[in-house]
Amino acid sequence: MTGGLDFRVSLLTPDGPAGVAVIELRGQELTEVLARVGAKAPAVGSFALVHLQAEGERLDEALVCARAEDRIELHVHGSVPLVRELIERLGGETPRATWDLEADCWQAMADAPSEQGARIALAQSQGLLGKEIQRLIDLPENEFPGALAGLQSRGDRAKLWLEPTRIALQGPPNAGKSTLFNALVGFARVVTSDEAGTTRDPVLESACLAGLPVELVDTAGLRRVEPGSLEGRGQVLGQKLAQSAQVTFHLTPHGDAVVAPGGTHALVTHGDRPGAPAGSLDALHEPLAAAEAVGLRLLQILDVGEPWCLEWAAPCSATQRRLLEQVRSQAGVSEGKDLLREALSGTVCH
Ligand SMILES: Nc1nc2c(ncn2[C@@H]2O[C@H](COP(=O)(O)OP(=O)(O)O)[C@@H](O)[C@H]2O)c(=O)[nH]1
Ligand SMILES: [Mg+2]
């Protein structure tokens, strides 16, 4: 019962920014409810484009769909403040921050930075993850930890397509870091030159390598400079960002002694020079081949073996991965299963 009328307003789409949001009205006196935003219901089974307004002010342009006498949908633009305003004007309650597994998968799909990531999240939203969680709940106690660990490790793997891996390019000046960076992002994002010290500030750019979403970091060349100088300050910023990278490539131009300081992966550049070993990169003349070679190297480093099978269940958002970790850290299996039941019923709060 809202404002003396018997109806309910609910948001059918996730409570977040989107192209379109769908507000559903259910009840007996929807003509009066719709009048609050200056709209009229079309005939049942049809829809109409209307200008929603209140107090002489235009609120939004919307599609009003009459699903039944007692069920009408407003398809509005998905701006969070606008949707809240509309729901309030209709007489409903602003959506609370509740959690819904399916909606969280949709959100993961909308946020996915790669095509494969979007497919993985879509498959989960269509029931794969929900079914797997139910299977875990139904398992005998002794089989539960192993199955949970399996689901968590699938989640770590799915993350490779759902969240960008940060990759830093390091090495001495003129190793060809910026040239390779441009080849990997696919356009001339940064200035390249044979003048040592050209790159100062680190530069971040998103790209896709071997189908994986990545965030590349180009850094100032490593050489001795005056501490506190412009170049030195750029080096410090670059090193800081490189520390946050999951993968760091250390570039050495062919002809110099190849080095890969602890934890970094060596790449040999200037592969067009005479005598360059097989596998060295020539990002200047063959940018596509260089990007392909780095992509393959990345797949090895991240140990991406067999391709992802779209029938695999996996958590597809940070919230879902956190939830499974919480389940794992419970004192007993039954407490863990309770958390999973809550997640399925949407009563879990994050
Ligand atoms: N011949 C050749 N020149 C390259 C190659 N990669 C970069 N260069 C050149 O080397 C110079 C330094 O490149 P840059 O990418 O700015 O090096 P950075 O200082 O490591 O960023 C530029 O003149 C580039 O055109 C390569 O693979 N082969
Ligand atoms: Mg550079």
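**View 1. Domain 1 and domain 2 in the predicted model, with C-alpha centres that lie 33 Å apart.** The protein is divided into domain 1 (7-90), domain 2 (101-156 + 307-345) and domain 3 (165-285), with bounds that come from an automatic or database domain assignment. This is a predicted model, in which local features need pLDDT of at least 70 and side-chain atom pairs count only at pLDDT 80 or more, whereas totals for chains, interfaces and linings use all residues. Residues are numbered from 1 along each chain as its sequence is written, while chains are lettered from A and ligands numbered from 1 in the order in which they are written.

**View 2. The shell of 21 residues around ligand 1.** G176, K177, S178, T179 and T192 come nearest to the ligand, where a residue is near if its C-beta atom, placed from the backbone, lies within 6 Å of the molecule. Helix α6 (residues 177-185) gives the largest share of this shell, three residues, and helices here are DSSP runs of H or I with at least four residues, numbered from the N terminus. By residue class, the shell holds four nonpolar, 13 polar and four charged residues, with Gly counted among the polar ones and Asp, Glu, Lys and Arg as charged.

**View 3. The largest nonpolar core, with 53 residues.** Such a core is a set of buried Ala, Val, Leu, Ile, Met, Phe, Trp, Tyr and Cys residues joined through C-beta atoms within 7 Å, and buried means that 20 or more other C-beta atoms lie within 10 Å of a residue's own. L180, L184 and L216 touch the most other members, and helix α5 (residues 144-162) supplies the largest share, seven residues.

Technical notes
Helices (H or I, at least four residues) and strands (E, at least two) are DSSP runs, numbered from the N terminus. A residue is buried if 20 or more other C-beta atoms lie within 10 Å of its own, exposed if 12 or fewer, and partly exposed in between; C-beta atoms are placed from the backbone.
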